[in-house]
Amino acid sequence: MGIHRLNHAVLYVSDLERSVAFYRDVLGFRRVPMTPEGFRGAAFLQAPDSTNDHDLGLFEIGAAAGASQAGRATVGLYHLAWELDTLDELGTTAERLAAAGALVGASDHGTTKSLYGRDPDGLEFEIVWIVPAELLDDAALAARTRIGRLDLDRERQRYGGQTRGGVGISVPV
């Protein structure tokens, strides 16, 4: 089985238009016209610069829906992770998430630099920049066994704000 990457995710949401607005306004997704004719309560979104048909499907189940108990009382998905190209984009995304009251954490995992956010239904996601293969060193590799505080300014000084992440790892050379 040769899986290469996650093509799309589908989420159940309580308020479709509220969720579409969040993913559009905060993360830059755009709505794509592929909802089946006569079908209500669904939207399909594409991430900026994505080549996927869609990256996110949203299905409305109504305001009476309870919050997800995954990880607290039930099994279920913890979060999805989306990759950005540069540390400058990660910084801009941190600002946008904070302004929306949706930034819940930031971590340094050595080879990845991560932000954590929650959408309007409390569903968590990760936004990540991956250290390119040619810049991996012993310190970055050793740091994969811990979760540190993300110092974005230090990482920009170390790797450069415009260095394209993931090259040789998630992006072919």
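Predicted model: local features only at pLDDT ≥ 70, side-chain atom pairs only at ≥ 80, totals over all residues.
On β9, residues 148-149 make up an edge strand, which pairs on one side only.

Strand β6 covers residues 103-108 and strand β7 covers residues 112-118; their pairing is antiparallel, over five bridges. D108 has its bridge partner in β7, namely K113.

β6, β7 and β9 belong to an open sheet of five strands, ordered β5-β8-β7-β6-β9. Pairing within this sheet is mixed. Strands of a sheet pair through backbone hydrogen bonds, either parallel or antiparallel.

H79 is placed opposite E124 of β8. Strand β5 (79-83) is an edge strand, as is β9.

## Packing of α2 and α4

Two packed helices are described by the angle between their axes and the distance between the axes. For helix α2 (residues 87-99) and helix α4 (residues 152-159), the angle is about 165 degrees and the axes are 10 Å apart. Because angles over 145 degrees count as roughly antiparallel, α2 is roughly antiparallel to α4. The crossing of α2 past α4 is left-handed.

From α2, the residues in contact are L87, D88, L90 and G91. They meet L152, E155, R156 and Y159 of α4. By class, the residues of this contact comprise four nonpolar, one polar and three charged.

## Salt bridges

The model has a count of 13 salt bridges. One of them joins E17 and R31, whose closest N and O atoms are 3.2 Å apart. This pair connects distant parts of the chain, 14 residues apart. E17 lies in helix α1, which spans residues 16-25, while R31 lies in strand β2, made of residues 30-32.

Methods
Residues numbered from 1 in each chain as written. Heavy atoms only, no water. Axes fitted to C-alpha atoms, helices over the stretch in contact; angles between N-to-C directions. Helix = DSSP H or I, 4+ residues; strand = E, 2+ residues; numbered from the N terminus. Parallel < 35°, antiparallel > 145°, perpendicular 65-115°, else oblique. Left-handed = near helix turned anticlockwise from the far one by under 90°. Contact = heavy atoms within 4.5 Å. Nonpolar A, V, L, I, M, F, W, Y, C, P; charged D, E, K, R; others polar. Pairing = 2+ DSSP bridges. Salt bridge = Lys/Arg side-chain N within 4 Å of Asp/Glu carboxyl O.
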